[in-house]
Amino acid sequence: MGDLKLSDISEKMRDIDFAILSTRTAGGAISGRPMSNNRQVEYDGDNFFFTCDHHGAVKDIEGDPNVAVNYQSKSGMLGMKPFFITIEGRAELIRDKAQFEEHWTKDLDEWFKEGTDTPGLTLIKVKAQRLHYWDGYDEGEVVLEHEAALETAR
């Protein structure tokens, strides 16, 4: 069993740009789509992704905020093993320009031509409730503070 801490996970996530955000559709199906963390990784249990309010992820989250986020690093040379992360969490839709600016990077200008003034711009915040990882042959979970609080409340 692995024994990585959240700070170790954050360090490994620095080199992973894309994730798959999975949501549940109104019909009950699971829908996944690639999202970029824009290399903005000081991971503390919260993930942030930009999209527009007319995209399926927003509609799905409005119906069911329970989501999953999955990351996979590349296999390296000389036998390096890949690193995988699965995150179960609850999504929140943010439409506050001040928070847009807090998470904005210049690379986003390519996707959102009007920057933080893009009509319908939405920031998806995923608060991790459970994080599971596989680091080569080792696997483990990281207990997050807010997950521990949820467990205590149950």
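## Helix α2 and I61

I61 lies in helix α2. Helices here are DSSP runs of H or I with at least four residues, strands are runs of E with at least two, and both are numbered from the N terminus. This is a predicted model, where local features need pLDDT of at least 70, side-chain atom pairs count only at pLDDT 80 or more, and totals for chains, interfaces and linings use all residues. Residues are numbered from 1 along each chain as its sequence is written, and side-chain values use heavy atoms, with hydrogens and water left out.

I61 counts as buried, at 4% relative accessibility. Buried means under 20% relative accessible area, exposed means over 50%, and partly exposed lies in between, with a 1.4 Å probe and protein chains only. Leaving aside neighbours within four places in sequence, I61 is in contact (heavy atoms within 4.5 Å) with T23, V67, A91, L93 and I124. I61 and L93 are 32 residues apart along the chain, and their C-alpha atoms are separated by 7.8 Å.

## The chain as a whole

The protein chain has 4 helices and 7 strands. Along the sequence they follow the pattern α-β-β-β-α-β-β-α-β-β-α. The chain has 154 residues, and 42% of them count as buried.

Residues 24 or more positions apart account for 65% of them. The accessible surface comes to about 9,100 Å², and 51% of that belongs to carbon and sulfur atoms. These areas come from the Shrake-Rupley method with a 1.4 Å probe; for residues, only the protein chains shown count as cover.

## Two nonpolar cores

A nonpolar core is a set of buried Ala, Val, Leu, Ile, Met, Phe, Trp, Tyr and Cys residues joined through side-chain atoms within 4.5 Å. The largest core holds 25 residues, and I9, Y71 and I124 touch the most other members. Strand β6 gives the most, with 5 residues.

## Helix α1

The buried residues of α1 are I9, S10 and M13. Seen down the helix axis, they fall within an arc of 100 degrees, so they line one face of α1. The arc is that of the directions from the helix axis to the C-beta atoms. These buried residues pack against β3 (46-52), β4, β5, β6 and β7 (138-142).

I9 has contacts well along the sequence. Leaving aside neighbours within four places, I9 is in contact with L4, Y43, F83, I85, L131, Y133 and V142.

## Buried polar side chains

T23 is found in strand β1. T23 is buried, with a relative accessible area of 1%. Its side chain makes a polar contact of 3.0 Å with the side chain of R33. A polar contact is a pair of N or O atoms within 3.5 Å; within protein, one must be able to donate a hydrogen and the other to accept it, and residues adjacent in sequence count only if both atoms are side-chain atoms. Beyond four places in sequence, T23 is in contact with residues including A29, A57, D60, I61 and V67.

H132 is found in strand β6. H132 also counts as buried, at 12% relative accessibility. Its side chain is joined to that of E139 by a polar contact of 2.9 Å, and to that of E141 by one of 3.4 Å. Among the other contacts of H132 are F84, I85, T86 and G140.

## Aromatic pairs

The structure holds 5 aromatic pairs. In W104 and F112, the ring centres are 6.0 Å apart and the planes stand at 55 degrees, so the pair is tilted. Rings of Phe, Tyr and Trp (its six-membered ring) pair if their centres lie within 6.5 Å; planes under 30 degrees apart count as stacked, over 60 as edge-to-face and the rest as tilted.

W104 is buried at 18% relative accessible area, and F112 is buried at 8%. Ring pairs link F50, F100, W104 and F112 into a cluster.

## The start of the chain

G2 is found in the segment before α1. G2 is buried, with a relative accessible area of 17%. G2 and D138 are 136 residues apart along the chain, yet their C-alpha atoms are separated by 4.9 Å. Not counting residues up to four places away, G2 touches Y133, D138, E139 and G140.
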